[in-house]
Every structure is written in C-alpha cells, then in structure tokens.
Amino acid sequence: MSHAPPAEPARSVADIATGPIARARGLVKTYGSGDTAVKALDGIDVDFGRGELTAIMGPSGSGKSTLMHCMAGLDRPTAGAVEVDGVEVSRLSERRLTKLRRTRLGFVFQAYNLVPTLTAAENITLPLDIARQPIDRDFFDTVVDAVRLRDRLHHKPSELSGGQQQRVACARALMSRPAVVFADEPTGNLDSESSAEVLGFLRRSVDDFGQSVVMVTHEPTAASYAHRVLFLADGRLVGELVDPTPATVLEALGARHQDP
Ligand SMILES: Nc1ncnc2c1ncn2[C@@H]1O[C@H](COP(=O)(O)OP(=O)(O)OP(=O)(O)O)[C@@H](O)[C@H]1O
C-alpha cells in the first residue's frame, strides 16, 4: 500500500509564517520487517498550532513517542512528510538534522537529562554555548524568574529536587527561542505539586513568550494544560479535544476504552 502524501497546493511564505508550526502528512513508521514488523505510525495527518500547547495522549504502544520523535527529527519516518517551521525535516541530511535540533528545537525529557557536573545556570545555557550562539541575558533572566530558579542557579543537579531539575530542563529548552519545544512525559517522574509548576511554566511559555509546545503525556490533568489534545490509538489519530479540562480528557479516554 502506498503512503505518498496527498498532493497539496503550494503554500506562500506568508502561509508558512502564520500557519501551523509543524505538520505531518501521510506519516508512517514501521519498525523491523517481515513477520515481526510493527507499524508504530499508520498514516498520520496532523497540524500543530503555532503558539499553542498541544498534548498527545493514547494507550501504551499507540505511537505517541514515535510521532514526537519523527516530528523532532530524532527518528526517520518510513513514509510521509514532516515539516517544522517551514523546513521539511524528513528530507534533511543527518548533519542538517543535527543543526536543526540544536538551533530550532527544544527538548524536555522525563528523565531531565541534565549534565551532572554543570550548575543549573550552565545547564540552561549549554545548548547555546555548544552552538556558539550569544546568550540574551535579559531573556535568560526572564526565563529564570519564570521557572523560579533565581536562588538555585549555582547548584548542581544533584543538589536540586526533581521538580527543580525539570524546571532547569524547561528553561534550557526555551533559551534558544526554538520553533517548537518537544516534551516527552515531562511530569512522569514528578509529584503533583512539582508537576503543576512545570506544566504551569510550559503553558506560560506559550501564553507569555508565544512558544509552541508539543507534549506527550499519560495524565489527564497534564493534558488539561494544553490548548488541544490529540488522541492516538494503534498508530492512528482517532480524535482531538480543544480547550480540555481533566474531566473532558477522562471522558474522551473512557469513551474510547483505549486502555484496559
Ligand atoms: N525502536 C523500536 N524498535 C521496534 N519497535 C519499536 C521501537 N520503538 C517503538 N516500537 C514499537 O512501536 C509501537 C509504538 O511505540 P511508542 O513508543 O511510540 O508508543 P507510545 O504510545 O509512546 O508508548 P508508551 O506510552 O508506552 O511510551 C510499539 O508497539 C512499540 O513496541
């Protein structure tokens, strides 16, 4: 079966500047081959809103991480097209992909992924330092205050709580003003209070800085911070919810009987 993306009219520069920040067309990802092949994504067409927080939900194995990894250029699609901020990610060479990830994308992982030997401040500016880009000190101050880390800047990750470490990771993701921040279960390791702080910050980064954020989560409360929730099942997009609340997310999950 062919999964060539459907033909679409050419878009103008203005469309690219005001339309979705990221999109996928006919996205297929198959792991392995023959009898053991797993179709993790089975033909996904999706737009991610510019200046919006989009949550991706679905049962274990439904393809959430694979979708995010393909969108972020961490994994190559088997078929279909992925575009982020007007750049066709699926066609880039490894070298250009690495550059795109470094300069145009931000990442927040469940396990924080901070460098243990560096201070919070050094972790926050690390991607810019690696890319040899100047640090906008005013923006650094704004972000540090927004994540409430002013008095923890000189601490190493081992001297910070999980919630503080994740706020460092969020600040790090935002510092380069990336086109999109991709967050994979950002509150998976946090208690409810720390989760609320991290989610509140991610949402404020959208409302206050116009950041676009895509977040994978299992938690209805976390998803309720989003502008829009996408539901996946068996590698397909099976629904969405705009302006969610924890109750409407739970209801949508229940209606789909996604998890036994
Ligand atoms: N590297 C890989 N090799 C083989 N199969 C994989 C690989 N990565 C994912 N899969 C399979 O692809 C499917 C989708 O996996 P994915 O991790 O995207 O799901 P998920 O919705 O993020 O799940 P979870 O909520 O458990 O993290 C699953 O069946 C998984 O086993």
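**Reading the fold**

Guide: Among contacts in the chain between residues at least 6 apart in sequence, 69% join residues at least 24 apart; two residues are in contact if their C-beta atoms, placed from the backbone, lie within 7 Å. This is a predicted model, in which local features need pLDDT of at least 70 and side-chain atom pairs count only at pLDDT 80 or more, while totals for chains, interfaces and linings use all residues. Residues are numbered from 1 along each chain as its sequence is written.

Visitor: How many helices and strands does the chain have?

Guide: Helices (H or I, at least four residues) and strands (E, at least two) are DSSP runs, numbered from the N terminus. Here the chain has nine helices and 10 strands. Its radius of gyration, taken over C-alpha atoms, is 18 Å, close to the 18 Å that the globule rule gives for 260 residues, so the chain is as compact as a globular protein of that length; the rule is 2.2 Å times the number of residues to the power 0.38.

Visitor: What share of the residues counts as buried?

Guide: A residue is buried if 20 or more other C-beta atoms lie within 10 Å of its own, exposed if 12 or fewer, and partly exposed in between, with C-beta atoms placed from the backbone. By that criterion, 40% of the 260 residues are buried.

Visitor: Why is strand S7 largely enclosed by the rest of the structure?

Guide: Five of the five residues of S7 (residues 180–184) are buried, so the strand is largely enclosed. Val-180, Phe-182 and Asp-184 lie on one side, Val-181 and Ala-183 on the other, and both faces are covered.

Visitor: Which strands pair with S7?

Guide: Two strands pair if DSSP finds at least two bridges between them. Strand S6 (residues 105–109) pairs with S7 in the parallel sense over five bridges, and Gly-106 has Val-181 as its bridge partner. Strand S8 (residues 213–216) is also parallel to S7, over four bridges, with Phe-182 opposite Val-214. From S7 the chain passes through helix H7 (residues 192–209) to S8 in a right-handed β-α-β crossover; right-handed means that, with the strands pointing away from the viewer, the path from the first strand over the helix to the second runs clockwise.

Visitor: Which elements supply the shell around the ligand?

Guide: Strand S2 (38–48) and helix H2 (64–71) each supply at least two residues, and the largest share, three residues, comes from H2. A residue is near a molecule if its C-beta atom, placed from the backbone, lies within 6 Å of it. The residues surrounding the ligand include Tyr-31, Val-38, Gly-63 and Lys-64.
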